[in-house]
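This report goes through a predicted model and describes selected parts of it in turn.

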There are 2 protein chains.
Amino acid sequence: MNNTPTIKDVARLCGVSTQTISRVINQKPDVSPATRERILKIIKETGYQPSALARSLIQQRSFTLGVIIAGLKYEGIAKVLNGITEEANKEGYSLMLEELPNFNAIDVQPVIRSLLSHQVEAIIYAAPEIGDNWRNVRLQYPMSGPRMVFLKGSPYPGISTISVDNHLGGFLAALHLYEQGCRNIAHISGEADWWETEERLKGWKAGLEKVGLPVTSRQIVAGNWSASSGEKAFLTLLENYPEVDGIFAGNDQMALSVLHVANERGIKVPEQLKVMGFDNLAETPYYSPSLTTIRQDLRVLGIMSVKKVIEMINEPDKSSKDALPDTIILKPELIVRESTQAK
Amino acid sequence: MNNTPTIKDVARLCGVSTQTISRVINQKPDVSPATRERILKIIKETGYQPSALARSLIQQRSFTLGVIIAGLKYEGIAKVLNGITEEANKEGYSLMLEELPNFNAIDVQPVIRSLLSHQVEAIIYAAPEIGDNWRNVRLQYPMSGPRMVFLKGSPYPGISTISVDNHLGGFLAALHLYEQGCRNIAHISGEADWWETEERLKGWKAGLEKVGLPVTSRQIVAGNWSASSGEKAFLTLLENYPEVDGIFAGNDQMALSVLHVANERGIKVPEQLKVMGFDNLAETPYYSPSLTTIRQDLRVLGIMSVKKVIEMINEPDKSSKDALPDTIILKPELIVRESTQAK
DNA sequence: CTGAAAGCGCTTACAG
DNA sequence: CTGAAAGCGCTTACAG
């Protein structure tokens with residue numbers, strides 16, 4: 001059949017041993033120029049490509065990274081993955097991808113085992129921290145276990161994590177709304193139990209407290225990241241907290257729905273109500289009105305995760321002085337647009 | 001060190017040969033119940049996990065699929081990938097992911113070779129068809145080559161493709177705008193040279209011709225999928241084709257910008273101008289006004305691609321009667337919302 | 001400069 | 001019911 005040639009075939013064709021072929025494809029010395037050239041020619045002719053599988057097995061190095069994600073149908077994680085593929089490509093690593101069936105997937109053990117059985121050299125855990133789910137994984141794989149880095153969740157001693165400072169994000173949001181003149185500021189939070197949800201909420205509360213505004217339960221309505229949940233939350237808010245003049249939504253989708261409902265009801269944004277989101281989706285400048293938001297650079301998060309993991313692979317002893325820290329926290333940034341600017 | 005145990009370790013611990021272990025983990029007969037039980041116990045205790053690498057090598061089967069994508073930072077491809085991971089998971093296949101550095105990446109040969117060297121059993125090519133780029137890949141890998149299926153591009157004899165009927169989508173859009181009373185219908189097209197762009201454009205033209213409306217160059221402005229390009233295109237349209245009363249944008253992002261600009265300029269949608277997009281992003285019901293669009297189910301596209309590829313793996317002779325065809329074309333669907341409905 | 005031997009961690013006939 | 005032998009496609013010492 002159309003079997004791809006092996007090192008043996010090439011060796012036979014060249015009339016040398018397989019070791020000599022190996023030396024050539026691995027660019028090692030101790031091959032006469034003439035032999036080398038002849039071998040290279042045959043390799044080109046036959047289209048020979050060394051088996052990454054066989055190589056990984058004998059070298060005990062796969063140059064492959066495992067990536068565990070969840071919720072690819074929502075935005076956000078795709079950007080993280082984009083950063084991961086970019087950096088992995090650059091560094092010559094391949095990627096084995098596993099998507100969990102849902103955010104709350106309890107038993108991640110099988111997917112981790114599957115990745116390890118493929119001998120990935122490290123695992124990037126990019127599924128969100130919800131309740132205790134990270135903790136469980138962390139306990140199962142202590143220091144001695146596979147190399148892992150956790151993305152977008154809480155720092156943990158002795159374990160590598162890379163996250164955005166969501167607390168700061170919430171804080172900046174509250175302060176900005178206050179500065180724009182809002183005195184009745186509400187929050188539509190993300191999905192329950194997520195670390196990101198909690199942090200944004202806490203940061204928002206801290207911001208209100210700093211400027212001396214009260215924080216009551218009427219001001220907080222739970223959403224679940226979806227635009228439709230944002231709509232419901234805003235309607236609840238209009239009932240329970242009609243004096244609301246500023247809303248910080250946990251993400252841009254929910255903020256979009258607030259704009260939508262406000263528009264339908266003739267509530268003027270930003271004149272009567274100021275609205276902001278979180279994420280800075282590419283489309284937010286084109287919302288009506290354009291949306292003030294907290295930017296988080298998820299692509300950079302992905303890039304950092306690959307950098308960190310490769311560092312772990314290359315120097316398990318952390319000797320280097322300019323090594324990346326175990327806990328990396330990226331700063332979010334306020335992006336001001338029309339939806340909060342008093343005209 | 002913390003080396004994971006191998007089949008040899010388990011065999012030694014059980015006092016049997018490796019073949020017997022192999023029989024147990026592969027659930028083959030010819031092992032006494034007592035031995036089997038003892039072995040299972042040791043496996044559990046040691047946490048032994050067979051090496052997928054070694055297995056793939058000896059069996060010449062990796063149960064791994066290669067996926068080539070591009071543009072993960074834009075929406076759309078993430079949904080395709082979501083469908084792919086879902087179905088691959090279900091069928092017990094692992095995924096090796098490669099993202100091209102950009103849409104126009106010329107030389108995909110190295111990434112295909114990399115995937116093949118990892119012995120993927122098939123490749124799902126989910127990067128868009130732009131100009132001749134697919135053709136080049138197809139020519140390099142004829143029938144005899146690796147199993148491949150191409151996503152979101154033109155059918156081609158003897159090659160597996162799965163696409164959405166973009167021509168029909170454009171056609172439906174034109175007809176709908178006409179039915180809603182528009183007589184001066186414009187199109188903001190997607191990125192140049194993309195197959196999808198061309199098809200939507202052609203379908204739109206065909207629709208206008210069917211209802212007897214003229215198609216002039218003034219009515220067509222090129223965008224590049226981005227919201228900002230949609231803004232520019234609409235401004236151009238307002239200059240060159242001020243009588244415009246209906247716009248079909250090549251995707252929802254560009255349509256969003258049209259709504260944005262219309263809103264800024266006090267152009268009433270849908271009263272003065274009807275607007276529609278393409279894709280049906282999750283947020284489109286919450287645009288202001290909610291957006292009429294052409295829905296394409298990219299997740300299903302991803303699912304189908306895995307089904308097709310596994311079928312190719314399992315029956316290379318295509319004996320089965322209910323086999324999937326080589327050319328699969330999914331139908332898009334009109335979703336009517338406020339942005340085109342005369343109130 | 002080149003090759004014979006051993007081995008990575010498995011599975012597949014084949015013997016007993 | 002169980003094991004000795006060979007081999008998947010490579011690389012790594014070691015000899016010459």
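## Basis of the description

This is a predicted model, in which local features need pLDDT of at least 70 and side-chain atom pairs count only at pLDDT 80 or more, while totals for chains, interfaces and linings use all residues. Residues are numbered from 1 along each chain as its sequence is written, chains are lettered from A and ligands numbered from 1 in the order in which they are written, and side-chain values use heavy atoms, with hydrogens and water left out.

## Surface near DNA strand D

DNA strand D is surrounded by 29 residues, of which the closest are A:Ile7, A:Ser22, B:Gln19, B:Arg23 and B:Ile58; a residue counts as near when one of its heavy atoms lies within 4 Å of the strand. Of the atoms of DNA strand D that come within 4 Å of the protein, 61% belong to sugar and phosphate. Among the helices (DSSP runs of H or I, at least four residues, numbered from the N terminus), α4(A) gives the largest share of this surface, four residues.

Phosphate oxygens of DNA strand D take part in polar contacts (pairs of N or O atoms within 3.5 Å; within protein, one must be able to donate a hydrogen and the other to accept it, and residues adjacent in sequence count only if both atoms are side-chain atoms). A polar backbone atom of A:Ile7 lies 2.7 Å from one such oxygen, a polar side-chain atom of A:Lys28 is 2.9 Å from a phosphate oxygen, and for a polar backbone atom of B:Ser17 the distance is 3.0 Å.

## Contact between chains A and B

Each of the two chains, A and B, brings 50 residues to the contact, where contact means heavy atoms within 4.5 Å. The chains bury about 4,600 Å² between them, 55% of it on carbon and sulfur atoms; buried area is the accessible area (1.4 Å probe) that two parts lose on being put together, summed over both. In chain A, the residues that lose the most area to chain B are A:Leu53, A:His260 and A:Tyr286, together 16% of what that side buries.

## Nonpolar cores

A nonpolar core is a set of buried Ala, Val, Leu, Ile, Met, Phe, Trp, Tyr and Cys residues joined through side-chain atoms within 4.5 Å, and buried means under 20% relative accessible area, exposed over 50% and partly exposed in between (1.4 Å probe, protein chains only). The largest core has 97 residues, and A:Tyr125, A:Phe234 and B:Tyr125 touch the most other members. A second, separate core of 58 residues includes A:Ile69, A:Leu81, A:Ile84 and A:Val309.

## Two buried polar residues

A:Asn166, in helix α8 (residues 166-179) of chain A, is buried at a relative accessible area of 2%, and its side chain makes a polar contact of 2.7 Å with the side chain of A:Arg200.

A:Thr197 belongs to helix α9 (residues 195-210) of chain A and is buried, with a relative accessible area of 5%. The side chain of A:Thr197 reaches the backbone oxygen of A:Glu191 at 2.6 Å, and A:Trp225 is one of the residues that A:Thr197 touches.

## Backbone features

Most residues other than glycine have a negative phi, and most peptide bonds are trans. A:Trp225, however, has a positive phi near 80° and is buried at 11% relative accessibility, whereas B:Gln60, with a positive phi of about 55°, is exposed, its relative accessible area being 56%.

The peptide bond from A:Ser288 to A:Pro289 is cis, with omega near -5°, and another cis peptide bond, with omega about 10°, joins B:Val269 and B:Pro270.

How values were computed
Lists of a residue's contacts leave out its neighbours within four places in sequence.
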